[in-house]
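Here is a short briefing on how one protein model packs together. Have the sequence and the structure open as you read.

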Amino acid sequence: MLLDVYKILGVILVFAGLLMGLLMWAVNSKAYGKYRIRTPKTYRIPQSRKVINVVLNSTLSLVFLFAIIQTFHGSLFHFGEVKGVTIFGEVIAALLLYDFCYYFMHRGMHHPKAMKFVHGVHHYVRFPTSMESIYLHPVENLAGLGLLMGSIAVLGPISMEAFCIVFFIHSTFNILVHSNLMLPHPAFKFFNFLALKHDLHHGKHLNKNYASLTPFWDLLFGTYA
Ligand SMILES: [Zn+2]
Ligand SMILES: [Zn+2]
């Protein structure tokens, strides 16, 4: 049973990797590069440093995720039968709670000391693309994943289906908000909106748009731009 969860998470992570690659290609291509939100004149982080950071962070999150699931899976998810409406409710509740907690964690990380030693690594990227979604200080990487698992455990154990959907949405949204693309098709409207909001956070509104999944908490606490 637990093996099934690992298989599903594996598929989600492969999908996330492919999505990241596709968006990286798009943002650098002639066909889609024109939809870039902002294009830098020069990059201040060498490509090799980015690749090393991203590979190390990906490995770290894989190990951490495996350790957390092995140790706390009983508090995170169960394998009982549940109705579709219950799964839907669990997904919404877990994502809203996570986004609420993330809002304050992210806002806290903008404290000058946390910025200097931890969150500043991510903000050193002025023109983020999908790859830089995971260009982080390892402490921030672990804190983000720990917060997601902690939010689920507070509500949980939730159904295994809801757990996988929450993980899928969390992983893909983090990549999409860093896409740096405003794609013209109406189907991308919501993701364009999130990408634009997060780009502002990396650009001229450093102290706005802290939440990662919805604009809801920023609107509520007066940090929406
Ligand atoms: Zn920030
Ligand atoms: Zn970012």
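Which residues does His178 touch, not counting residues up to four places away in sequence? They are Pro128, Thr129, Ser130, Glu132, Ser133 and His198. Keep in mind that this is a predicted model.

**Around His178**
- His178 sits in the loop between H7 and helix H8 (189-202).
- His178 counts as buried because 26 other C-beta atoms lie within 10 Å, and the cut-off is 20 or more.
- Met20 is 158 residues away from His178 in sequence, yet the two are 9.5 Å apart in space, C-alpha to C-alpha.

- Helix H6 covers residues 138-155. Its 18 residues reach 26 Å from first C-alpha to last, close to the 26 Å expected.
- Buried residues of H6 are Glu140, Asn141, Ala143, Gly144, Leu148, Met149, Ser151 and Ile152.
- The cover over these buried residues includes helix H3 (47-76), helix H4 (84-108), helix H5 (112-123), strand S2 (158-159) and H7.
- Helix H7 covers residues 160-176. Its 17 residues reach 24 Å from first C-alpha to last, close to the 24 Å expected.
- Buried residues of H7 include Phe163, Val166, Phe167 and His170.

**Nonpolar cores**
- The largest nonpolar core has 22 residues. Val91, Ala94, Ile152, Ile158, Ala162, Phe163 and Val166 touch the most other members.
- H3, H4, H6 and H7 each give two or more residues to this core.
- A second, separate core has 17 residues, including Leu23, Val27, Phe127 and Ile134.
- Beyond its neighbours within four places in sequence, Ala94 contacts Ser151, Ile152, Leu155, Ile158, Ala162 and Val166.

Key: Residues numbered from 1 in each chain as written. Chains lettered and ligands numbered in written order. Predicted model: local features only at pLDDT ≥ 70, side-chain atom pairs only at ≥ 80, totals over all residues. Helix = DSSP H or I, 4+ residues; strand = E, 2+ residues; numbered from the N terminus. Expected span 1.5 Å × (residues − 1). Buried ≥ 20, exposed ≤ 12 C-beta atoms within 10 Å, placed from the backbone. Contact = placed C-beta atoms within 7 Å. Core = buried A, V, L, I, M, F, W, Y, C linked by C-beta atoms within 7 Å.
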